[in-house]
Amino acid sequence: MEVNIKIAGEAGQGIETVSEVLSKTLLEKGWYIFSTEDYQSRIRGGHNFTQIRISNQPLKAMTQKVDILIALNEESFFLHHQELGEEGIGIGKIPDSHLNSTNFFKLDFEALAQEIGSKVFANMIAVGTLLSMLGFEPEIAFPYLEKRFAKKGPEVIIKNQQALQKGSKIGQSFHFRKNLGSIDPEEKARFILNGNQAIALGAIIAGCSFYAAYPMTPSTGIMNFLAAQSAKYGIVVEQAEDEISAINMAVGASFAGARAMTGTSGGGFCLMCEGLGLAAMTETPIVIVDAQRPGPSTGLPTRTSQGDLDFVLNASHDEFPRFVFAPSTPEEAINLTIKAFELADKYQVPTIILTDQYLADSKFTYSKIELREHPTGPYWVEAKRGYKRYLLTESGVSQRAIPGFGEETVIADSDEHDEEGHLTEDLDIRVKMHRKRMKKEPLMAKELSQPHYLPGKQATLISFGSTFGVVEEACQALRKEGLDIGHLHFSELHPLSEDTFKTLSELPDPVVIENNYRGQLANLLERKTLTPFRKRINKFNGKPFFVEELLAKIKEELS
């Protein structure tokens, strides 16, 4: 059983607080939560909403139909009331012209909150109303309120509790038919995690000791999380003046021995391309997060997209090896971030983590996280007499020494260089050095895990990154309808191995699903396998796929 709730209004009306209190209260009691945020790129004002899906079963994506709409202003009602299901209920600033419906109820949360002392309690009245409609007493949220407002004192806690109780009485007057069923007491969920928090956690576990970035939505949450934990884990977090400085600081910190990372979004990644090439030429390990958003230039800063795949595969000039990962869930984001640091160090190459606003801001419920990756370094040595930083080797990987550790000087140069690191224009050495760097790529391909593969005889859905959950739910729904549909999902995208090409060549009726216009994954697979991937489902309006929407498009494509 599940209930889908949307809380919508203007920025500053406390939407995030309603979502937080409701989610964490039910989470602590063992329910599964999946929530997404939609907000405009403004400091204040503008239409915002949060959608929360609550169930007694694990959730992987967001559905389209809404059961309860809390409209904190009339604009929200007009924008979202058509998303309500047949038995859905809309509550809040309902225009008089729609009050003839038995599903819409006018309620002024702010006016009711004034009766308690201030309109700031409006969001807690909304929480109380929702809890009551879901069949819970308001007291279920009291422990969380006591923790959340502990620093503000007992009076604030009591006022918020009164608001909850007031909302609960109001909620009893609405006849809401859906319920959440029961939960298995042995399977209680424990915490919520979003993609940005997960990448930051992965970096901490991997031993990240330096992070530099310029704030850019939707990647900023990574910096905020690391900054909050920096003292505890000994991480230097630097807010640079721009993305060019951020990546060059990270390259410099890595050259000096730190485990370094930087994060940004597409436009910021454009500025980082010269620094990306510097890391490649000097064979300096670095982890870069590109949190995708729609559009070139500023685009839609707070919406989602998978439009940077081609870009990160080819960014910067000339050729050089790199890893590209695209985690599908927060759990995978933790593991792939650890792996990104390990492989960047092992092969002395840049590693790019491709995420997006949907994964960055969506909250997933976990009772535990399985750590499949573990940091094992360090991958550097003492510079003994005669040490050559770019010694030509069979694998293309030279021993990496840290400046100041050992007798020999460690030299790096952004020009083409000889084995010691001195710049050169000797074209024979250029060929040898370029070949040395590119020799790593076949070895790197063997490091990547095979894509998630659920075989199916009738057709195969193909996806990458954050679309995993919605494609998986669509696949499961089709299987329940008797269709033998498979799913192939890529989280480790580059360099692909020969084994992956073999799997791709054997897929029945593939359908590639992506949040971009051109079908960048489909085009990549066509180039790699010389096989056409003609069936494609692409969405590029800045919104993620919804389960029902995707199901309809898949059926249309397969018909």
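Is P185 buried or exposed? P185 is exposed, with a relative accessible area of 60%; exposed denotes over 50% relative accessible area, buried under 20%, and partly exposed the range in between (1.4 Å probe, protein chains only). The structure is a predicted model, in which local features need pLDDT of at least 70 and side-chain atom pairs count only at pLDDT 80 or more, while totals for chains, interfaces and linings use all residues. Residues are numbered from 1 along each chain as its sequence is written, and side-chain values use heavy atoms, with hydrogens and water left out.

P185 is located in the loop between α6 (154-171) and β7 (191-194), where helices (H or I, at least four residues) and strands (E, at least two) are DSSP runs numbered from the N terminus. Between P185 and D356, the C-alpha to C-alpha distance is 34 Å, and the separation in sequence is 171 residues.

Helix α14 comprises 12 residues, 427-438, and spans 16 Å from its first C-alpha to its last, close to the 16 Å expected at 1.5 Å a residue; the expected span is 1.5 Å times one less than the number of residues. Within α14, the residues M433, H434, K436 and R437 are buried. Seen down the axis of α14, its buried residues fall within an arc of 155°, so they line one face of the helix; the arc is that of the directions from the helix axis to the C-beta atoms. These buried residues pack against α10 (266-281) and α15 (440-447), contact being defined as heavy atoms within 4.5 Å. On the other side of α14, L427, D428 and R435 are exposed.
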